[in-house]
Structures are given as structure tokens and as C-alpha cells.
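I opened this notebook to record what I looked up in the structure shown below. The entries follow the order in which I took up each topic.

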Amino acid sequence: VLCAVLPALGIMLYSGYAERERELDKASTDSMLVAESLTSQIHTITASTRQMLLTLSHVPSVIRLDQRSDARMLARLLRDSDIYTNILLTDPSGLVVASATPMDDTVSLADRKHFREAVQDKDFAVGEYIRSRATGDQALPYAQPVVDESGVIQAVTIGAVRLEVMQE
């Protein structure tokens, strides 16, 4: 009986092992595709956010830190885009001057990585995972300094992308 069952058992074990290897290869391939798709999505979001913040940095009311008109403009931008949890403008010290989502005037973003890097490097900066102080949403923030002709920072524009966007 053992001689009759042993070859069948060997075939079953080999088939199971081969199927396991195929499934592992498929899972690895699927994981790579998801990672590549997410990377592409993040690059696209980063590029479009950079362009929006750079454009905002050239708007006259932003350069003048016109709180009332900037808040209205940022609110319209936020309404028209479903990827951001907030879009805001700070003065060079990090105090929020205008926000698409209403915030207390005493809120400072000087402690945030994206703000510090944008001010230090005088260039576009990508932050790290945060909980938005305005909405409580999980977000990935980006910052762009507003620099005048003499190289002095006048303000910093910030866009915080909702992390849920990357799950969709």
C-alpha cells in the first residue's frame, strides 16, 4: 500500500510546491505594479502641487500678504480641487496669514519640516506625514517660498494633500 501511495503523495507535494511558487511570483509582480502606480501618482501630485504653489507665489495679493483676498482665492482653489485638505499662506516667520480652511490667526507652522526647508533652501519643499491643524486630516504637505527680486522671502505658500487621495 505504501508503494502505491508514495508516488501519488510525491506528485501532490510537488504540485503544491509549484503552485505556491507561481502564487508568490504573481504576488510579487502585483506588488511591483501597485508600487509603480503609486510612485507615478505621487510624482504627478507633486508636480501639479509645485506648479500651483509656484503660480500662487507670483500672484500680487500673495506677495502683498493681502489676507482677505488671499483667503477667498485659496478657498476657491480648495473648492475646485479634491486632493487638498488645505491650501494656505504664511508670513516668513510661519504665522498663518490666509487659509482656505478657516484657522486661528495665531497658528504657526514654523515647526513643520516643509516650512523650515522651504525657508532654508528658498525652494520648493516636500514635508512629511502630518495631521492638518486646520482639518485634522492626514496629509502630505508641500511648501513654496515667495521670494522677491532681492532674494528675500516675503511669504510661504503651502498645499497639504489628503493621504486618502493616494488610496483611491
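The entries below cover conventions, strands, a contact, salt bridges and surface patches.

**Conventions**

I worked from a predicted model, in which local features need pLDDT of at least 70 and side-chain atom pairs count only at pLDDT 80 or more, while totals for chains, interfaces and linings use all residues. Residues are numbered from 1 along each chain as its sequence is written, and side-chain values use heavy atoms, with hydrogens and water left out.

I took helices (H or I, at least four residues) and strands (E, at least two) as DSSP runs numbered from the N terminus. I called a residue buried under 20% relative accessible area, exposed over 50%, and partly exposed in between (1.4 Å probe, protein chains only).

**Strand S1 and its partners**

I looked up strand S1, residues 84-90, and found it mostly covered, with 7 of its 7 residues buried. I counted two strands as paired if DSSP finds at least two bridges between them. S1 runs antiparallel to strand S6 (residues 153-162), and 6 bridges join them. Asn86 has Ala160 in S6 as its bridge partner.

S1 is also joined to strand S2 (residues 96-99) by 3 bridges, again antiparallel. Here Leu89 has Ala98 as its bridge partner in S2. S1 and S2 make a hairpin with 5 residues between them, and Gly94 in the turn has a positive phi of about 105°.

**Thr49**

Is Thr49 buried or exposed? I found Thr49 buried, at 0% relative accessibility. Thr49 belongs to helix H1.

**Salt bridges**

Side chains of opposite charge can pair when their charged atoms come close. I took a salt bridge as a side-chain nitrogen of Lys or Arg within 4 Å of a carboxyl oxygen of Asp or Glu. The count by this rule is 8 salt bridges.

One of them joins Asp123 and Arg50, with the closest N and O atoms 3.8 Å apart. This pair links distant parts of the chain, 73 residues apart: Asp123 is in the loop between helix H4 (113-121) and strand S3 (125-126), and Arg50 is in helix H1. Asp123 is partly exposed at 36%, and Arg50 is partly exposed at 39%.

I then noted Arg64 and Asp66, whose side chains form a salt bridge at 3.8 Å, N to O. Arg64 is exposed, at 56% relative accessible area, whereas Asp66 is partly exposed, at 28%.

In helix H4, Glu117 and Lys113 lie 4 residues apart, about one turn of the helix. Their salt bridge has its closest N and O atoms 3.0 Å apart. Glu117 is partly exposed at 28%, and so is Lys113 at 24%.

**Surface patches**

I took patches as residues with over 30% relative accessible area and no salt bridge, joining like charges within 9 Å and nonpolar side chains (Val, Leu, Ile, Met, Phe, Trp, Tyr) within 5 Å. Accessible areas come from the Shrake-Rupley method with a 1.4 Å probe.

Val1, Leu2, Val5, Leu6, Leu9 and Leu13 form a nonpolar surface patch, with about 650 Å² of accessible area together. Leu9 lies in helix H1, residues 2-56, and is partly exposed at 41%.

Which residues gather in a patch of positive charge? I found Arg68, Arg72, Arg76 and Arg79 on the surface there; Lys and Arg count as positive, Asp and Glu as negative, and His and the chain ends are not counted. Each charge is placed at NZ of Lys, CZ of Arg, CG of Asp or CD of Glu. Arg79 lies in helix H3, residues 67-80, and is exposed at 63%.
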